[in-house]
Amino acid sequence: MFDARFLVVGQGLAGTVLVDALLERGQSVHIADQHMVGAASKAAAGLWNPLTARTLQESWRFSTFMPLALQYYQKKCAERKIDPPRPLPLLKALPNQHSLDHWNRIADTAGSSCEKSNGPPPSEYEDQLHIGPYCGWVKGAGQLNVAAFIEAARHDFIELGILQESFFQIKSVEWMPQSGVMPQGGFKWNNNTYEYLLMARGHQERFDPIFGWLPFNPAQGELLEATSTDRQIPFIVHASGFLLPLGAHRYLLGSTYEWDELSPTPTEKGLRELMRIKEGITPMKLQIDAQLSGIRPTVADRRPLIGAHPAQQNLYIFNGLGTKGVSMAPAMAQMLVDHLLKGCNLLPEIDIQRFLGRYRRSIHQA
Ligand SMILES: Cc1cc2nc3c(=O)[nH]c(=O)nc-3n(C[C@H](O)[C@H](O)[C@H](O)COP(=O)(O)OP(=O)(O)OC[C@H]3O[C@@H](n4cnc5c(N)ncnc54)[C@H](O)[C@@H]3O)c2cc1C
């Protein structure tokens, strides 16, 4: 009766992974996406790192989410004939002996994700690095080429005839009342009918009142694609930013965090910050090939924003992947799909029900 059961708005990393999860379960899906400047996924470095930079503790539920993510990316990259995710060793530079002592303490307890410090980086790379004697190796890190991943999915979705390149506005949705003829409700959009509307618009979501009451706290990020003629460093170096090897003497250098002046395009200020990050990592001469910028859909409490709109039936959000889209997206998509198809509960930490008070206040003030 519906043209498709689900309409997913946005085909960044969130929308892509969600659509794959729905198709995998035999669901009918359409996607609306407009190539928008400043989308996070097009600028993402694609790094996964088991440790949080601030505390050096394992990231929230990393050891549950990442195996699922790797399995999904490996399968989809093989099907779509693109390079698979690449596990890479990560050398973490620490500022002083105190941090190294802390590192060694948690290395004993964190088990799977960090190894004890092995002292300085391998001697053959010493002259290419500005890293002092305090450092440790992290296992379980790696990189996915996110831009290539979503581009390959986009081709797939276009071939399947399920992706429309169009700008979505909530005001062009006509909700259908639940009635005897239409017990499950649903809506019309662009001459088609759907049962569920799933919003995956990244940071753009904050501009629309429908979910704009949620505590988005977006952060612009910039990074550089660069080339060096020096010997290729084969591991990720993480200090106040990171240097990530891409092979063939190419690197990604990033990332900046800008919370106040959010520009969807690269800035001079960003470039200065990236140069500062570079100086802290390497004396190598880097030729800049590109400067990229995107706006991360980060959230005040650093947890995803997933679940049902408090008032509008059949309307859901899939957002808030923040700085950890690569490791979290596949597990989050599974949870939302299990919720939609089987009625399973969402984790309370990700369910937007936790912000019901904000929603009520926003209604009250309107
Ligand atoms: C510089 C930088 C580096 C990063 N590095 C990493 C990293 O190393 N590891 C990691 O895990 N994460 C990283 N991230 C974060 C990661 O990019 C995000 O978590 C993830 O990409 C968010 O995906 P998304 O689909 O929610 O949002 P987006 O990628 O922003 O996608 C939203 C999509 O919705 C579409 N859209 C929006 N509004 C509309 C509309 N009205 N109509 C139609 N379409 C619309 C946009 O065109 C876009 O395609 C980084 C981000 C940045 C900016």
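**Close-up views of the predicted model**

**View 1. The cis peptide bond at Ser255.** Ser255 is placed in the loop that runs between β15 (250–254) and α7 (268–281). In this predicted model, the peptide bond leading from Gly254 into Ser255 is cis, and its omega is near -25°.

**View 2. Arg61, a non-glycine residue with positive phi.** Arg61 belongs to the loop between β3 (47–48) and α3 (62–79). Its phi is positive, near 55°, although the residue is not glycine. Arg61 has 13 other C-beta atoms within 10 Å and is therefore partly exposed.

View 3. The loop between α3 and β4 (86–87) holds Lys81. Lys81 counts as exposed because it has 7 C-beta neighbours inside 10 Å.

View 4. The protein chain is split into domain 1 (4–42 + 147–216 + 300–365) and domain 2 (89–140 + 219–296). Their centres, taken over C-alpha atoms, are 33 Å apart. Eight residues of domain 1 and six residues of domain 2 form the contact. On the domain 1 side, the residues touching domain 2 comprise three nonpolar, four polar and one charged.

**View 5. The shell around the ligand.** The ligand is surrounded by 43 residues, of which Gly10, Gly12, Gly202, Gly221 and Gly325 are the closest. The elements that each supply at least two residues of this shell include α1 (13–24), β2 (29–33), β12 (219–227) and α8 (325–342). By class, the shell holds 18 nonpolar, 20 polar and five charged residues. Because domain 1 and domain 2 both give residues to the shell, the ligand lies between them.

Conventions. Residues numbered from 1 in each chain as written. Predicted model: local features only at pLDDT ≥ 70, side-chain atom pairs only at ≥ 80, totals over all residues. Domains from an automatic or database assignment. Contact = placed C-beta atoms within 7 Å. Nonpolar A, V, L, I, M, F, W, Y, C, P; charged D, E, K, R; others polar. Near = placed C-beta within 6 Å. Helix = DSSP H or I, 4+ residues; strand = E, 2+ residues; numbered from the N terminus. Buried ≥ 20, exposed ≤ 12 C-beta atoms within 10 Å, placed from the backbone.
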